[in-house]
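Me: I'd like to learn how to read a model like this one. Could you take me through it feature by feature?

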Amino acid sequence: MNFPKGFSWGTATAAHQVEGGNSNSDCWLLEHVTPTPFAEPSGDACDQYHRYREDIAMLAQLGFNSYRFSIEWARVEPAPGEFSAAALEHYRRVLAACHEHRIAPMVTLHHFTSPRWIAARGGWEAAPTADLFARYCERVARELGDLIASACTINELNSVQMLQTSGLIAPDEKIAGSRWRAAAARAAGVEPENFSAFPFCCRSICREVILSAHRQGAQALRAGRGKFPVGMTIAMEEIVAEPGGEALRDVALEAERPFLEAARADDFIGVQTYTRERFGANGRLGPAPGAELTLMGYEFRPQSLVAAIRRAAAAAPGIPIIVTESGIAATDDSRRVAFVQAALEGVLGCIRDGIEVRGYYYWSMLDNFEWIFGYRPTFGLIAVDRATQRRIVRPSAEYLGRIARANVLEAVGSAPDRNQALATN
Ligand code: BGC
């Protein structure tokens with residue numbers, strides 16, 4: 001039940017989902033146009049922009065040794081070529097707070113949001129975005145690299161392909177012609193064909209731009225101050241063919257392949273898994289009949305992580321794996337505990353089979369802004385009172401924190417003093 005020495009135990013967040021007030025981003029713009037694809041605006045989120053010290057101290061106290069968060073491009077480069085010394089200084093303070101608490105900071109340079117001006121120049125459908133992303137990475141590494149423990153370039157850089165395959169976002173034609181895209185373009189003062197926000201971009205166009213941004217961004221991060229591992233993170237569900245669904249399963253696997261191949265040049269692969277995707281002859285089948293569902297409507301299936309880790313390991317042999325996201329949106333916290341335990345059993349199994357898995361980051365530290373779904377789905381190990389911003393530690397946070405501190409998987413129910421807390425939450 002022991003994890004390897006030096007294993008990273010963390011929680012993950014993204015700037016737009018927790019910081020609050022990310023008003024120079026494309027996402028904020030999309031949240032405020034009519035019609036909008038968002039259920040509600042992000043607003044103050046969890047106000048982590050101001051509360052990071054307390055949040056980081058809380059993680060350390062719980063037993064974690066790492067924290068994955070993102071640096072917000074829209075803050076660091078508010079206008080083309082104009083870098084904000086104050087924003088960079090802010091992230092320097094966040095990084096320093098991590099070190100103060102012996103928390104290794106894993107930073108993500110792009111977690112879904114971009115500056116508005118990038119979206120208004122064609123976003124991830126425009127080739128120059130890759131160079132602009134690399135220039136931003138270069139500046140971050142130059143200013144902050146000495147404090148970074150590890151870096152992910154782009155969060156789920158395959159998500160446009162993945163979300164479209166799974167039907168969660170509309171296909172290219174619908175996105176290109178959508179009313180909210182037109183409304184956002186109007187607000188940004190450009191023609192609809194010039195406005196594109198990640199991950200609502202046309203997949204047929206954005207793939208090469210994103211892959212090039214990753215390659216160039218990684219190179220810029222490696223060339224800067226400090227020496228730290230650099231990788232991408234990939235959205236990887238367990239992909240299953242029910243009878244007749246083999247061809248569609250293969251389409252989904254094929255969509256992922258170029259990204260995993262690109263990861264062969266990296267220092268690690270960040271695997272992010274939530275559930276499984278079942279294909280039948282006529283398309284996606286959705287959750288298996290009778291299956292337990294999470295608040296996202298996904299099948300409760302922590303063991304999907306094993307399939308994803310094995311697929312990544314097979315596609316990029318020898319490249320270490322870090323589980324950069326694994327988690328569940330649930331109202332009953334005991335289901336979160338069960339999910340984490342089962343996911344970690346899977347990780348241990350992979351390690352026993354010789355796959356180098358170096359860390360596990362639970363998504364998410366806090367209940368936060370779940371993109372188009374707003375604040376309804378609660379993924380947090382820590383609940384947030386939206387009126388007061390008070391943090392409420394859930395038993396699952398203590399459970400995973402104890403595992404992190406001991407570096408040993410604890411079976412649910414084996415700490416008798418905790419059983420009551422689990423039952424009463
Ligand atoms: C994303 C997160 C998101 C989570 C839960 C991942 O795809 O990286 O930003 O909140 O899934 O849906």
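**Confidence first**

Reply: The protein has a mean pLDDT of 94, with 97% of its residues at 70 or more; pLDDT is the predictor's confidence in each residue, from 0 to 100. This is a predicted model, so local features need pLDDT of at least 70 and side-chain atom pairs count only at pLDDT 80 or more, while totals for chains, interfaces and linings use all residues. Residues are numbered from 1 along each chain as its sequence is written, and side-chain values use heavy atoms, with hydrogens and water left out.

Me: Over which residues does pLDDT stay under 50?

Reply: The general idea: where pLDDT is low, the predicted coordinates should not be read in detail. Here that concerns residues 416-425, where pLDDT stays under 50. For this stretch the model has 10 contacts beyond four places in sequence, a contact being heavy atoms within 4.5 Å.

Me: On to strands. In what order do the eight strands close into a barrel?

Reply: Some ground rules first. Helices (H or I, at least four residues) and strands (E, at least two) are DSSP runs, numbered from the N terminus, and two strands pair if DSSP finds at least two bridges between them. In this structure the barrel order is β1-β2-β3-β4-β5-β7-β10-β11, with parallel pairing. Direction ignored, neighbouring strands of this sheet are turned by 25 degrees against each other on average. For angles in general, axes are lines fitted to C-alpha atoms, for helices over the stretch in contact, and angles run from 0 to 180 degrees between N-to-C directions.

Me: How many bridges pair β10 with β11?

Reply: Four: β10 (residues 321-326) and β11 (residues 357-363) pair in the parallel sense. To find the spot on screen, look for I322, which stands opposite G359 in β11.

Me: Which strands form the open sheet, and which are its edge strands?

Reply: The open sheet has three strands in the order β6-β8-β9, with mixed pairing. Its edge strands are β6 (238-241) and β9 (283-284), each pairing on one side only. β6 runs parallel to β8 (residues 276-280), and four bridges join them. One partner pair to look up is I239 with E277 in β8. Helix α12 (residues 246-262) packs on this sheet and touches β6, β8 and β9, its direction making about 155 degrees with that of β6.

Me: Now helices. How do I read a packed pair?

Reply: Two packed helices are described by the angle between their axes and the distance between the axes. For the angle, under 35 degrees counts as roughly parallel, over 145 as roughly antiparallel, 65 to 115 as roughly perpendicular and the rest as oblique. Take α5 (residues 85-100) and α7: their axes come within 10 Å and cross at roughly 55 degrees, so the two are oblique to each other.

Me: Which residues of α5 meet α7?

Reply: L88, Y91, R92 and L95 in α5 meet R139, V140, E143 and L144 in α7. The residues of this contact divide into five nonpolar, no polar and three charged. In this count Ala, Val, Leu, Ile, Met, Phe, Trp, Tyr, Cys and Pro are nonpolar, Asp, Glu, Lys and Arg are charged, and the others, Gly among them, are polar.

Me: What else does α7 pack against?

Reply: Helix α7 (residues 128-144) lies across β3 (104-110) and β4 (150-154), at about 155 degrees to β3. It also packs with α11 (residues 203-223) at about 25 degrees, the axes 8 Å apart, which makes α7 roughly parallel to α11. This contact divides into nine nonpolar, four polar and two charged residues.

Me: At what angle do α13 and α14 pack?

Reply: About 30 degrees, with the axes of α13 (residues 304-315) and α14 (residues 333-352) 8 Å apart, so α13 is roughly parallel to α14. α13 passes α14 in a right-handed crossing.

Me: Last one: where are the cis peptide bonds?

Reply: Omega is the angle to check. A cis bond joins T34 and P35, with omega about -5 degrees, and P35 sits in the loop between α2 (26-31) and α3 (48-62). Another cis bond joins W363 and S364, with omega about 10 degrees; S364 is in the loop between β11 and β12 (382-384).

Key:
A crossing is left-handed if the near helix is turned anticlockwise from the far one by less than a right angle, and right-handed if clockwise.
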